[in-house]
Amino acid sequence: MLRTFLISALSLLTVAAAERPNIVFLFSDDHALAAISAYGGLYADVAPTPHIDRIGKEGALFRRSFCANSICGPSRACIITGKHSHKNGYLSNDFDTFDGSQITLPKLLQGAGYQTAIIGKWHLISEPQGFDHWNILPGQGNYYNPQFISATGVKKYSGYCTDLITDFSLDWLKNGRDPKKPFLLMCQHKAPHRNWTPALRHIGAYKGKTLPQPASLFDNYDNRSTTLKTQRMTIAKDFSWGHDMKFHGKNEFPQHFTHLGNGEYERMDDEQKKAWDAVYEPENREFLAQLRDGKLTDKQITEWKHQRYIKDYLLSVKAVDESVGRVLEYLETSGLAKNTIVIYSSDQGFYLGEHGWYDKRWMFEESLAMPFLIRWPGTVQPGRKTEAMIQNIDYAPTLLEAAGLTVPAAMQGKSFLPVLQGKKDEANEAIYYAYYGENTHSVAQHDGVRTSTHKLMYFPVTKEWQLFDLVKDPQEMKSVHMDPQYASTLDYMKKEYAKRRTQYEVNDAAVPKDRLKEDWWGKRHREKIQQIKKAGNPDLVFLGDSITQGWEAKGKAAFDQTFGDYQTLNLGFSGDRTEQVLWRLFNGEWNGLKPKAVNLLIGTNNTGHVKQAPAETAMGVKLIIDFIRDRSPDTKIILNHVFPRSANKDDELRKLNDEVNRLCAAYVDQKFVYSLDMSPDFLSADGTLTKEVMPDLLHLNPASYEKWAKAISAKLKEIGVQP
Ligand code: CA
């Protein structure tokens with residue numbers, strides 16, 4: 001009986017394993033919806049995308065797929081983690097490094113028996129984890145004769161990047177994988193990212209044609225946030241002489257072009273340069289002659305720039321589309337197609353002249369939207385077009401469910417598998433978006449929510465709100481947040497915004513933030529990373545602000561005496577708030593640590609610096625605990641009550657800390673998270689804090705450090721942690 005049961009259970013498992021779908025994730029960089037024919041936008045008639053369109057014809061096309069943060073690295077991090085940027089720690093391309101120790105889609109699939117590969121643009125700085133095979137571009141990579149990095153090192157190849165990524169991907173499908181296992185292939189193109197350099201076989205294809213121009217090409221940015229006027233991503237003023245417009249030599253017209261030269265051209269060999277120049281130089285000479293004559297108006301110059309840009313952009317897309325065609329053809333001839341999910345997407349959208357812009361970052365539709373076309377024979381109804389609102393954080397949960405796996409609770413996205421199966425036609429009621437600001441292009445930090453009909457945006461630096469009626473004003477030319485007719489909509493959207501920020505655990509205390517502008521802080525951060533690399537895994541980590549850092553000074557004698565038998569690591573940084581601790585953990589100070597215990601004391605600077613709402617500070621503390629628990633589930637955390645501050649128990653800051661402690665009690669489970677409250681040791685019977693205990697009513701003296709050391713030591717004993 002048991003034997004029969006086991007055999008049938010086993011055969012069931014085998015069947016299930018055999019039926020698990022393969023996943024081919026075809027991905028590009030900065031591909032706007034308007035540049036895909038199937039989406040029917042401004043360039044539908046000229047966009048060279050028959051193969052991408054085919055995925056939509058044989059599968060489904062999602063009209064409302066949005067990113068959570070519209071830039072290259074962050075969008076990729078959202079996709080593989082299923083989490084918003086502040087939760088996966090990769091907020092911007094400026095200084096962040098992706099923390100590869102976290103749970104990701106490829107890791108979970110790999111753990112479930114999938115073969116996993118990523119080929120092409122990765123752009124997350126740290127080495128890919130969770131992939132059986134990877135061959136990636138360094139950073140942004142190059143269009144011509146690019147380098148690739150694999151587990152065996154760096155290698156330069158001759159040829160065009162999009163073609164090489166396709167060759168490598170097909171080679172892995174044919175020869176690299178274990179054919180007995182299901183697989184995930186992430187084939188990720190650099191194109192059509194700036195500087196939009198097409199393949200030689202495509203250049204000149206739009207010669208003599210005038211391509212359409214967006215209605216808002218000469219947007220004056222009235223009626224919206226003042227920050228729209230301070231960005232630097234306009235076609236009129238912010239295109240460079242060489243890099244963007246492909247002129248050679250010295251910039252002759254600094255009033256019209258910035259100075260960046262064309263590095264991609266410099267990478268070409270002599271033959272490639274010759275073929276390139278044969279097409280570009282006659283056009284360049286003609287336009288520059290007109291410029292020198294001084295007869296062109298600024299408007300005409302902008303229009304010429306737009307034509308040069310849109311043609312190069314669409315031709316860069318053309319090779320991506322051919323790549324999609326080659327992969328589809330292989331899936332068909334190999335017989336893999338019938339059990340393979342094929343997705344075409346891109347890390348965000350892009351401005352093709354709308355609002356006078358190129359680039360992305362803004363929460364406006366053009367760069368918020370991501371293409372999403374999916375073919376899955378037998379599951380997705382061919383030819384379906386859906387308005388279901390999905391976001392890139394939903395991709396991982398959906399693909400995990402498609403592979404029959406459970407979605408980890410920590411993933412913030414929601415599976416839209418029921419939409420794919422045709423059981424539902426709705427996904428999210430609203431999506432949350434956050435852009436954290438970067439140096440490039442001076443786009444101001446903002447976040448917001450979008451529903452099917454409206455969009456609310458908030459700019460924290462200028463404290464401006466914007467509300468758009470997407471039905472009446474799809475081009476987002478006028479914010480109606482001041483319009484009395486929209487008062488109730490504004491109210492609803494602000495509530496939605498607050499709701500989503502609570503749901504996704506977003507606030508200043510919970511969003512990782514560096515202090516790299518302070519030299520000592522960056523130096524200490526780098527030293528700590530080196531120390532971890534050298535010393536290996538510590539038994540005890542002390543995590544916090546100046547009070548923790550003080551173990552190295554006023555607390556040193558007590559520390560050495562009490563913890564001398566342990567391997568210790570002090571991650572205390574003077575002046576840090578919860579958000580800085582989060583940034584440090586995400587950016588190398590944790591780096592695979594599995595300590596026996598962490599002594600955590602943080603929060604008093606959230607109170608002292610900005611009088612942060614206790615619920616927000618407590619959320620920051622929670623995310624620090626979550627971070628440690630995710631990566632080292634056996635580590636025990638001693639969560640110290642934020643120390644009392646100020647002499648009087650009724651002092652405002654004291655009370656804020658008390659409230660933080662009351663809220664943080666919810667995180668104590670007596671199994672992995674334990675509480676330590678020093679206030680009975682530090683306070684007089686009436687709640688007064690004296691200078692005998694804390695000379696500045698905030699920091700400890702050596703005698704107080706001794707008391708704290710004893711209390712931690714006793715707690716370690718109580719929870720079974722020994723050297
Ligand atoms: Ca991108």
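Reply: Ala278 counts as exposed, because its relative accessibility is 55%, and exposed here means over 50%. Please keep in mind that this is a predicted model. Ala278 sits in helix α8, which runs over residues 270-293. If you go from Ala278 to Arg224, you move 54 residues along the chain, and the two C-alpha atoms are 44 Å apart. The domain assignment puts residues 226-310 in domain 2. The other domains it gives are domain 1 (2-12 + 22-196 + 320-433), domain 3 (446-503) and domain 4 (519-718).

For a contrast, turn to Gln115, which counts as buried because its relative accessibility is 11%. Gln115 belongs to strand β3, residues 115-121. Beyond residues up to four places away in sequence, Gln115 touches a set of residues that includes Asp132, Trp172, Arg177, Lys181 and Phe183.

The loop between β3 and β4 (133-137) holds Pro128, and His123 is found in that loop too. Pro128 counts as buried because its relative accessibility is 7%. Leaving out neighbours within four places in sequence, its contacts are Ile118, Trp122, Trp134 and Ile136. Leu328 is 200 residues away from Pro128 in sequence, with 26 Å between their C-alpha atoms. His123 is likewise counted as buried, because its relative accessibility is 8%. The backbone of His123 deserves a look as well: its phi is positive, about 65°, although His123 is not a glycine.

Further along, two cis peptide bonds turn up. One joins Ala191 to Pro192, with omega near -5°, and the other joins Arg194 to Asn195, with omega near 15°. Pro192 is in the loop between β7 (183-188) and α7 (263-267), and Asn195 is found in the loop between β7 and α7 as well.

Now to the calcium ion. Its protein donors come from Asp29, Asp30, Cys72, Asp347 and Gln348, at 2.2 to 2.7 Å from the ion. Along the chain, the donors are spaced as D-D-x41-C-x274-D-Q. Cys72, in helix α3 (residues 72-81), and Gln348, in the loop between β8 (340-346) and α10 (365-368), are 276 residues apart, so this pair links distant parts of the chain. Both Cys72 and Gln348 are buried. The angles among the six donor atoms run from 51 to 163°, and the site is irregular.

Finally, have a look at helix α13, residues 487-503. Its 17 residues reach 24 Å from first C-alpha to last, close to the 24 Å expected. Thr489, Leu490, Met493, Glu496, Tyr497 and Arg500 are its buried residues. They lie on the same side of α13 because they cover an arc of only 125° around the axis. An α-helix has 3.6 residues a turn, so residues three or four places apart point the same way. The buried residues of α13 pack against β11 (431-435), β12 (446-450), β13 (454-459) and β14 (464-469). On the face turned away from that buried side you will find the exposed residues Ser488, Lys495 and Thr502.

After α13 comes Glu505, with a positive phi near 60°. Glu505 lies in the loop between α13 and α14 (519-535), and it counts as buried because its relative accessible area is 14%. As for the domains, the centres of domain 3 and domain 4 are separated by 39 Å, taken over C-alpha atoms.

Technical notes
Residues numbered from 1 in each chain as written. Predicted model: local features only at pLDDT ≥ 70, side-chain atom pairs only at ≥ 80, totals over all residues. Heavy atoms only, no water. Donors = N, O, S within 2.8 Å, 3.2 Å for Na, K, Ca; no water. Tetrahedral: all angles 85-135°; square planar, octahedral: opposite > 155°, others 65-115°. Helix = DSSP H or I, 4+ residues; strand = E, 2+ residues; numbered from the N terminus. Buried < 20%, exposed > 50% of the residue type's maximum accessible area, 1.4 Å probe, protein only. Domains from an automatic or database assignment. Expected span 1.5 Å × (residues − 1). Arc of directions from axis to C-beta. Contact = heavy atoms within 4.5 Å.
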